[in-house]
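Have a look at the model below before reading on.

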Amino acid sequence: NALDEIGPAPADRRWVHVADRGADAFEFLSRRCRGRERFVVRVQHDRARVGAGSLLATVRATPAVAAWELVLSATPTRKAREARVCASHTRVTLPPPHNRRGDYPAVPIEVSVVRVWEPDPPAGVAAVEWVLLTSEEGATGADVRRVSGWYERRWVVEEYHKALKTGAGVERVQVGGRDRLDPAVGVLSVVAVALVNLRGLAAGGAAGDRPAAGVLPRRWVAVLSAWRHRVVRDLSVTEAVQVLARLGGWIPRPPPPGWLVLWRGWTRLHTLLELDAATPTM
């Protein structure tokens, strides 16, 4: 229903709906196919298909058309690492389920399936395997890498939702009526994007060493440095994010700053900015 409300993309834009295993429902897939919408959905359920064999048996028997190094980010159950993966592409026709759940016509749908897997994982490490249902019909190495790349961006979107809900507290906003809620969500969405970008830049590498004044207003950097060091000085992006988190109550030790302390730091920074703006120059 939410995607129906969003509607089609403008004529000069391309939208691809990317979803994890929770969206692996025939109703969702059928609606996207009927609307000729583009999508990438990770498979949760093995399914029957029109023809011999199940969905997973079919795709696991399909040879690879591409291979590359995939960078896996750290999770609570996995360390960050690189994985050598292969990918295949096949087209399948999926019949509607016998036990009908949801609103969809009882007709089959035709989709592509891209499988990304790690043939030789390190000892004691679970192998990577993504089976992705997609509207994309291309079967070349570049095509399957593009579909995989779209799915990889799902984690950034999930971090954005965490920033919006856990950090900015969009679900805790208490206003009356949608006419007031929509503007509040709009403003908090912009803040959430800013926090995601800052946290991503500070995650490591050369980007975190950039001067913070290149991505934040200089006055913000000055107030952050004055609060932390009692003197105005230059900060790197990583230092600025850490100071922002400390302002929100973060203790500088692993794990990296979470969304709640970043949001608290963001709100307290703006209180300091208001105080700084109201303080007369002596």
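Predicted model: local features only at pLDDT ≥ 70, side-chain atom pairs only at ≥ 80, totals over all residues.

Q: What is the volume of the largest pocket?
A: This pocket is lined by 31 residues. Its volume comes to about 1,100 Å³.

Q: Which residues lie nearest the centre of the largest pocket?
A: The elements that give two or more residues to its lining are β3 (66–72), α5 (154–167), α6 (178–201) and α8. Of the 31 lining residues, those nearest the centre are Ser73, Ala74, Glu159, Arg199 and Ala203.

Q: Which element gives the largest share of the lining of the largest pocket?
A: The lining divides into 19 nonpolar, 5 polar and 7 charged residues. The largest share is 5 residues, and it comes from α5.

Q: How many residues in the lining of the second largest pocket are charged?
A: The second largest pocket holds about 410 Å³ of space. Its lining has 13 residues. They divide into 8 nonpolar and 2 polar, and the charged ones number 3.

Q: Which element gives the largest share of the lining of the second largest pocket?
A: Two or more lining residues come from each of α1 (2–6), α5 and α6. Nearest the centre are Val18, Val157, Glu158, Tyr160 and His161. The largest share, 6 residues, is given by α5.

Q: How far does helix α7 reach from its first C-alpha to its last?
A: Helix α7 covers residues 218–229, which makes 12 residues. At 1.5 Å a residue, 16 Å is expected. The span in the model is close to that, at 16 Å.

Q: Which elements do the buried residues of α7 pack against?
A: Trp220, Val221, Val223, Leu224 and Ser225 are buried in α7. An α-helix has 3.6 residues a turn, so residues three or four places apart point the same way. The buried residues of α7 pack against α8 (237–247) and α9 (259–278).

Q: Which residue with a positive phi follows α7?
A: The helix ends at residue 229. Next comes a residue with phi near 65°, and that residue is Arg230.

Q: Is Arg31 buried or exposed?
A: Arg31 sits in helix α2 (residues 26–34). Its relative accessible area is 19%. The cut-off for buried is under 20%. Arg31 therefore counts as buried.

Q: Which residues is Arg31 in contact with, leaving aside its neighbours within four places in sequence?
A: Arg31 belongs to α2. With neighbours within four places in sequence set aside, its contacts are Asn1, Asp4, Glu37 and Asp103.

Note on methods
Residues numbered from 1 in each chain as written. Heavy atoms only, no water. Helix = DSSP H or I, 4+ residues; strand = E, 2+ residues; numbered from the N terminus. Expected span 1.5 Å × (residues − 1). Buried < 20%, exposed > 50% of the residue type's maximum accessible area, 1.4 Å probe, protein only. Contact = heavy atoms within 4.5 Å. 1 Å grid on protein atoms, 1.4 Å probe; cavity = no way out; pocket = protein on both sides within 12 Å on 5 of 7 lines; lining within 4 Å. Points joined across faces, edges and corners; volume = space filled by probe spheres on them. Nonpolar A, V, L, I, M, F, W, Y, C, P; charged D, E, K, R; others polar.
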